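Okay, thanks everyone, I'll keep this short. Have a look at the model on the screen, and I'll walk you through the parts I picked out.

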Amino acid sequence: MMASSLPPPLAPILIGISTKMYFDLPTTTKYISSLSNPPSPISLFIIPSFPALPAAQQLLADKNRLAQHSQFCPILLGAQNCHHEDTGPFTGEVSPLMLKQLGCSIVELGHAERRASPFHETDEMITLKAQAAIRNGLVPLICIGERARSAVASESVGVAIRECSAQIKAILDAVPGDRELIFAYEPVWAIGAEKPALSYHIATVVGQLKQSVQGREGAVRWLYGGSAGPGIWEDLKGAVDGLFLGRFAHDVGNVEMILKEISKAR
Ligand SMILES: O=C(CO)COP(=O)(O)O
């Protein structure tokens, strides 16, 4: 089965929020209700747990209708994972076709928490899922990142580039070159930490990785995630196209601060 529609266009700057499995259903709906549509040219997207998707879709449809014809952009919906087949005997799995039907634009794939135990997702599995996402008109957001911080500071960039390049190559070799992709650079050691990775590290790694997609027809966006919060956008000075937020977005005030920071920096 094939969904024919293309994903809606994304604004040049992307701010994503994954609530992982932190929020229950009432907390998720309350949280989404409190989000404001971002000013142009920012696409804000929210990735809640699967059971919250229908309620989230309804809340966002209402918000986005009100924001129509204003300078504010819609808030998009994403999912935290999908299966690589559209239908079939896969008990407990979630179909990318159904995610599209539920109003998702983006599907997150290969988060460090899914590459690790107990899920052990491999580049091969993530590649199949990216193909399935594209087949169903979803933009795959593929999380990449080195597992450990190198004990030798001067080697940390090289280690990151080596591990991330392999993760990126698996995807680029397998998906059509004209389709949009999002890579979220999330060093595993910076996820759930007190502070994000140093801006110098992020900018150098992403700068180098960008070279591997030079000349690709479809747009590739680069986000940074891993303890990202207010202040980091200014520090990164345009090294990435957006941020992928976790815990520091639980306070909606922080999301508002980041949106203000972006508008101020432009
Ligand atoms: O994993 C993340 C986003 O995908 C980041 O999570 P934290 O910001 O909570 O470290």
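This is a predicted model: local features need pLDDT of at least 70, side-chain atom pairs count only at pLDDT 80 or more; totals for chains, interfaces and linings use all residues.

So, N81: buried or exposed? It's buried, with a relative accessible area of 8%, and the cut-off for calling a residue buried is under 20%.

Where does N81 sit? It's in the loop between β3, residues 75–79, and α3, residues 96–101. And which residues does N81 touch, if we leave aside neighbours within four places in sequence? The list is F50, L99, V107, E108, L109, R114, E121 and K129.

As a reminder, most residues other than glycine have a negative phi, and most peptide bonds are trans. Now the peptide bond from S117 to P118 is cis, with omega near 5°. P118 lies in the loop between α4, residues 112–115, and α5. H120 is in the loop between α4 and α5 as well, and its phi is near 50°, a positive value in a residue other than glycine. H120 is partly exposed, with a relative accessible area of 49%.

There's another cis bond to point out, from S40 to P41, with omega near 0°. P41 is found in the loop between α1, residues 25–34, and β2. And K20 has a positive phi too, about 45°, although it's not a glycine. You'll find K20 in the loop between β1, residues 13–18, and α1. K20 is a lysine that counts as buried here, with a relative accessible area of 17%.

Okay, aromatics. How many aromatic pairs does the structure hold? Four. Let me show you one of them, F45 with F244. The ring centres are 6.0 Å apart and the planes are at 40°, so this pair is tilted. For the label, stacked would need planes under 30 degrees apart and edge-to-face over 60. The pair links distant parts of the chain: F45 is in strand β2, residues 42–47, F244 is in strand β8, residues 242–245, and they are 199 residues apart. Both are buried: F45 has a relative accessible area of 0%, and F244 has 3%.

Now two residues in helices. T127 lies in helix α5, residues 123–135, and counts as buried at 9% relative accessibility. What does its side chain reach? The backbone oxygen of D123, at 2.7 Å. Not counting residues up to four places away in sequence, T127 touches A170, I171 and A174.

The other is I161, in helix α6, residues 156–172. I161 counts as buried as well, at 18% relative accessibility, and the line for that is under 20%. Leaving aside neighbours within four places, I161 is in contact with V205, Q208 and L209. For a distance across the model, take I161 and A132: they are 29 residues apart along the chain, with C-alpha atoms separated by 26 Å.

Last, let's zoom out to the whole protein. The secondary structure comes to nine helices and eight strands. Along its principal axes, the C-alpha trace spans about 50 × 45 × 35 Å. Does the radius of gyration fit, or what would a compact globule of 266 residues have? It would have a radius of gyration near 18 Å, and the protein has 17 Å, which agrees. Of the 266 residues, 52% count as buried. Among contacts between residues at least 6 apart in sequence, 77% join residues at least 24 apart. And the accessible surface comes to about 12300 Å², of which 57% belongs to carbon and sulfur atoms.

Conventions. Residues are numbered from 1 along each chain as its sequence is written. Side-chain values use heavy atoms; hydrogens and water are left out. Rings of Phe, Tyr and Trp (its six-membered ring) pair if their centres lie within 6.5 Å; planes under 30 degrees apart count as stacked, over 60 as edge-to-face and the rest as tilted. Helices (H or I, at least four residues) and strands (E, at least two) are DSSP runs, numbered from the N terminus. Buried means under 20% relative accessible area, exposed over 50%, partly exposed in between (1.4 Å probe, protein chains only). The radius of gyration is taken over C-alpha atoms; the globule rule is 2.2 Å times the number of residues to the power 0.38. Contact means heavy atoms within 4.5 Å. Accessible areas come from the Shrake-Rupley method with a 1.4 Å probe; for residues, only the protein chains shown count as cover. A polar contact is a pair of N or O atoms within 3.5 Å; within protein, one must be able to donate a hydrogen and the other to accept it, and residues adjacent in sequence count only if both atoms are side-chain atoms.
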